[in-house]
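Here's a quick tour for anyone meeting this structure for the first time. Have a look at it below, and then we'll go through some charged pairs and the nonpolar core.

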Amino acid sequence: MLELYDVVELREAIPGEELPAGATGTVVHVFNGPPPAYEVEFADADGRTVAMVTLRTDQIVHRDR
């Protein structure tokens with residue numbers, strides 16, 4: 001199970017949010033479910049939030065910083 005502030009990578013694109021597969025984001029909220037889900041913040045190179053998306057565990061993979 002992922003934890004708050006874990007860095008994750010998208011397994012699939014989220015076209016509605018203009019997020020490509022492989023985009024990295026940070027877990028900012030954990031929904032214990034069932035099923036478990038995660039609110040993930042995606043930011044640009046300047047640190048500005050570009051999307052906040054609730055994702056299922058099968059849509060993301062944990063990534064080392």
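Arginine 56 pairs with aspartate 58 in a salt bridge, their closest N and O atoms sitting 2.9 Å apart. A salt bridge here is a side-chain nitrogen of Lys or Arg within 4 Å of a carboxyl oxygen of Asp or Glu. You're looking at a predicted model, where local features need pLDDT of at least 70 and side-chain atom pairs count only at pLDDT 80 or more, while totals for chains, interfaces and linings use all residues. Residues are numbered from 1 along each chain as its sequence is written, and side-chain values use heavy atoms, with hydrogens and water left out.

**Salt bridges**

- Searching the whole structure turns up four salt bridges.
- As for the pair above, arginine 56 is partly exposed at 44% relative accessibility, and aspartate 58 is partly exposed at 43%. (Buried means under 20% relative accessible area, exposed over 50%, and partly exposed in between, with a 1.4 Å probe and protein chains only.)
- Glutamate 9 has a salt bridge to arginine 63, with 3.9 Å between the closest N and O atoms.
- Glutamate 9 belongs to strand S1 (residues 7–10) and arginine 63 to strand S5 (residues 60–63), so this pair ties together parts that are 54 residues apart in sequence. (Strands, E, of at least two residues, and helices, H or I, of at least four, are DSSP runs numbered from the N terminus.)
- Both ends are partly exposed: glutamate 9 has a relative accessible area of 27%, and arginine 63 has 38%.
- Arginine 48 and aspartate 46 join their side chains in a salt bridge, at 3.1 Å from N to O, and both residues are exposed.
- Asp44, Asp46 and Arg48 are linked in a salt-bridge network.

**Aspartate 6**

- Aspartate 6 sits in the segment before S1.
- Aspartate 6 is buried, at 18% relative accessible area.
- Beyond its neighbours within four places in sequence, aspartate 6 is in contact (heavy atoms within 4.5 Å) with Gly25, Thr26, Val27 and His62.

**The nonpolar core**

- The largest nonpolar core has 14 residues, and Leu10, Leu19, Val40, Phe42, Leu55 and Ile60 touch the most other members. (Such a core is a set of buried Ala, Val, Leu, Ile, Met, Phe, Trp, Tyr and Cys residues joined through side-chain atoms within 4.5 Å.)
- S1, strand S3 (37–43) and strand S4 (49–56) are the elements that give two or more residues to this core.
- Leaving out residues up to four places away in sequence, leucine 19 touches Leu10, Ala13, Ile14, Phe42, Ala51 and Val53.
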